[in-house]
Amino acid sequence: LAGALGSYALLGVLVGALAAGGVSDLLGRRLMMLVAYAWFSLGMAATALSHDANIFGALRFITGIGVGALLATTGALVAEFAPKNKKNLCNAITYSGVPLGSLAAAALAILLLGVCVVGGVAFWGERALHRIPALTDYEGRPTAGSGTNWLLVGSDSREGLTEEQQSDLSTGGDLGSGRTDTILLVHIPGLGSGTPATMVSIPRDSYVEIPGYGSDKVNAAFSEGGAALLAQTVEQATGLRVDHYAEIGFGGFAGVVDALGGVTMCPAEPITDPLAGIDLAAGCQTLDGRNALGYVRSRATARADLDRMANQRQFVSAMLHRAGSPAVWANPWRWYAVPRAAVAALAVNTDDHIWDLARLGWALRDASTVTVPIGEFTYNDSGDVVLWDVSVAGELFTALNSDQPVPQAVLDAQP
């Protein structure tokens with residue numbers, strides 16, 4: 001909880017526990033537990049909704065008092081219902097010499113602490129998320145279909161990175177207007193659908209119509225109009241309405257990987273790419289933030305961008321499996337480091353919430369992955385571009401819009 005809400009909350013926990021510990025009668029403890037729960041709930045709500053930095057510390061302190069009082073009174077009430085005489089079943093039954101009543105009390109206290117920590121992290125994350133106006137209404141916008149669509153963007157933003165950090169991550173210098181290194185369209189089927197989530201890579205050199213700018217590479221939309229124009233371009237090109245948006249930059253990506261303790265990947269061939277700053281051997285290995293960033297950026301492979309898109313999808317899946325592994329959630333330090341790194345790294349749409357991100361992460365653990373069907377690689381005034389196979393790509397987007405499985409024609413067209 002201290003990691004999620006800070007030292008003010010920890011101080012509040014101590015104060016609340018000491019205050020509640022002074023209540024000795026049974027009725028008083030019961031009332032104190034109810035008051036503490038209400039206090040904690042109101043404190044969390046106020047902390048999440050407040051936008052006044054001047055009172056945020058006070059709200060965290062108040063919330064901590066509720067947590068401390070709740071922990072103290074719950075433990076005391078459990079002990080109250082475990083009489084000291086040996087005729088009591090809870091004390092008569094033991095495990096490794098420890099009375100069952102004591103084990104139950106400890107388990108309840110741990111469970112309550114876990115609920116408080118998860119709740120604290122969730123409320124803190126909801127308040128701390130960086131939000132941008134990425135999704136806007138406009139004339140001719142596609143109507144909502146079945147399920148939910150996310151647009152996930154990896155930008156080459158160096159914002160917040162020092163020159164030393166840029167050098168360490170091999171990002172190159174600041175290039176001014178941001179561009180997109182990664183564009184993923186994720187479809188999550190509605191509740192009750194037996195279809196898995198689908199993660200679709202959109203080649204950044206895809207030649208599409210950009211509203212107000214004519215035809216160009218899709219990543220030019222991000223350079224010209226930021227997240228809002230990119231989202232509109234993707235909606236118009238696919239016919240799918242984007243419901244949620246999330247964006248991550250270079251530094252944020254590396255920070256999340258390091259907070260997880262690294263992510264294991266198994267490249268089939270060695271990858272040496274001075275531009276991406278990596279020299280990876282073939283076979284399974286744990287990548288830290290620096291090497292992971294180079295891995296998902298590198299085009300120094302036989303199929304260049306095609307391999308890079310496949311590596312990006314594989315890495316997202318591996319990272320989410322790592323986040324759900326016991327090595328992470330059983331380590332209290334990760335409870336602090338991972339949420340803070342993730343929230344600091346992400347920018348989401350103004351209407352997106354922490355629970356939306358949680359559902360996205362859960363859905364992507366077992367998602368199917370494809371690339372937009374490609375018709376040809378060619379060259380024009382925009383440089384080297386990718387033209388979609390309009391017919392097969394249309395089948396893909398129609399299937400996603402109605403929560404249907406990826407058509408076989410799309411799978412057969414994968415590069």
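**The nonpolar core**

Guide: The largest nonpolar core holds 38 residues, and those with the most contacts inside it are Leu151, Ile202, Leu230, Tyr245 and Leu396. A nonpolar core here is a set of buried Ala, Val, Leu, Ile, Met, Phe, Trp, Tyr and Cys residues joined through side-chain atoms within 4.5 Å. Buried means under 20% relative accessible area, exposed over 50%, and partly exposed in between (1.4 Å probe, protein chains only). The elements giving two or more residues to this core are β4 (148–155), β5 (180–188), β7 (207–210), α8 (218–238), α11 (305–323), β17 (383–388) and α15 (390–401). Helices (H or I, at least four residues) and strands (E, at least two) are DSSP runs, numbered from the N terminus. The largest share of the core, 9 residues, comes from α8.

This is a predicted model: local features need pLDDT of at least 70, side-chain atom pairs count only at pLDDT 80 or more, and totals for chains, interfaces and linings use all residues. Residues are numbered from 1 along each chain as its sequence is written, and side-chain values use heavy atoms, with hydrogens and water left out.

Now take Leu230. Leaving aside neighbours within four places in sequence, Leu230 is in contact (heavy atoms within 4.5 Å) with Leu151, Val153, Thr180, Ile183, Val218, Ala221 and Phe222. Apart from this core lies another, of 25 residues, among them Val263, Ala292, Phe315 and Val328.

Ser317 sits in helix α11. Ser317 is buried, at 17% relative accessible area. Beyond neighbours within four places in sequence, Ser317 is in contact with Met199 and Leu364.
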